[in-house]
Amino acid sequence: MKYAQENLSPKLYKYIFGLFSLVVLSRCVLIPYYDINLGGIEPNVIYGIQRILLGEPLYQNPSSGAYAIIQYTPLYYYLVAEVGKLFSSDSHKLGLDVHAVYTLARIIALLFNLLTVALTAMIIRTWRFSWLYCIAFAMPAIIMLTNHYYTRGDSMHLFLFTAALYCNILYSQKNRLIYVVLSSLFAAACFMTKQSGILCIGI
């Protein structure tokens, strides 16, 4: 494979890798942190996950008296809850442990952010840059993220949006129908994670 032109100072690579390491380390430190609202509206997200773990419906009937507003579409809530059930012998007990649910959601959010970095590197690779170059310039994808991505479903939404975009790029290069199917599935899942995912379908 013939690589695109790369003229970068080795110091720049060191700065990027250093910043990436600091961001990931800080995210790991924040995972068990007892702050219930690192990025805004987190208690609402955690409450939705707790409802599923406790065997209650995620969405309530607004015509039946007092009800809690669940802001987003359901995929992220169910994913976190199902992962929690896999690693817990008592989902009801886990649902009552607010700190444990926060910890679980933050771990999953970080994993999605790292997967987004990997996908970004793969997108850059389609322009035939070396892997070192691709990885280095994909790392800012997590460095630039705000704290809205620390616990909420925005992390999964961004990953699925990037995955749909990547599959669409592959289709434009290889003209294989499977990439259209995969892109459609990722776009649909993106919408089912957060309403703004409808933009992914349009793009």
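Mentor: Rings of Phe, Tyr and Trp, with the six-membered ring used for Trp, count as a pair if their centres lie within 6.5 Å. The model is predicted, and it holds 3 aromatic pairs. One of them joins Phe-129 and Tyr-133, with 4.4 Å from centre to centre and 15 degrees between the planes. This pair is called stacked because planes under 30 degrees apart count as such.

Both partners are out of the solvent by the cut-off used here, since buried means under 20% relative accessible area. Phe-129 has 16% and is therefore buried; Tyr-133 has 15% and is buried too. Together with Phe-137, these two residues make up one aromatic cluster.

Helix α1 covers residues 10-30 and helix α6 residues 131-138; their axes come within 9 Å and cross at roughly 45 degrees. At that angle α1 is oblique to α6, and the crossing is left-handed.

Helix α5 (residues 98-125) and helix α8 (residues 154-174) have axes that come within 8 Å and cross at roughly 20 degrees. Angles under 35 degrees count as roughly parallel, so α5 and α8 are roughly parallel to each other. The crossing of α5 and α8 is left-handed. Among the residues making the contact are Phe-112, Leu-115 and Leu-119 of α5, and Phe-159, Tyr-166 and Ile-169 of α8. By class, the contact of α5 with α8 has 13 nonpolar and 5 polar residues, and no charged ones.

Ile-169 also gives a reference point for a residue elsewhere in the model. Asn-44 and Ile-169 are 125 residues apart in sequence, and their C-alpha atoms are 35 Å apart in space. Asn-44 lies in helix α2, residues 42-53. With a relative accessible area of 19%, Asn-44 is buried. Leaving aside residues up to four places away in sequence, Asn-44 touches Ile-69, Ile-70, Gln-71 and Tyr-77.

Definitions and conventions. Residues numbered from 1 in each chain as written. Predicted model: local features only at pLDDT ≥ 70, side-chain atom pairs only at ≥ 80, totals over all residues. Heavy atoms only, no water. Axes fitted to C-alpha atoms, helices over the stretch in contact; angles between N-to-C directions. Helix = DSSP H or I, 4+ residues; strand = E, 2+ residues; numbered from the N terminus. Parallel < 35°, antiparallel > 145°, perpendicular 65-115°, else oblique. Left-handed = near helix turned anticlockwise from the far one by under 90°. Contact = heavy atoms within 4.5 Å. Nonpolar A, V, L, I, M, F, W, Y, C, P; charged D, E, K, R; others polar. Phe/Tyr/Trp six-rings, centres within 6.5 Å; stacked < 30°, edge-to-face > 60°. Buried < 20%, exposed > 50% of the residue type's maximum accessible area, 1.4 Å probe, protein only.
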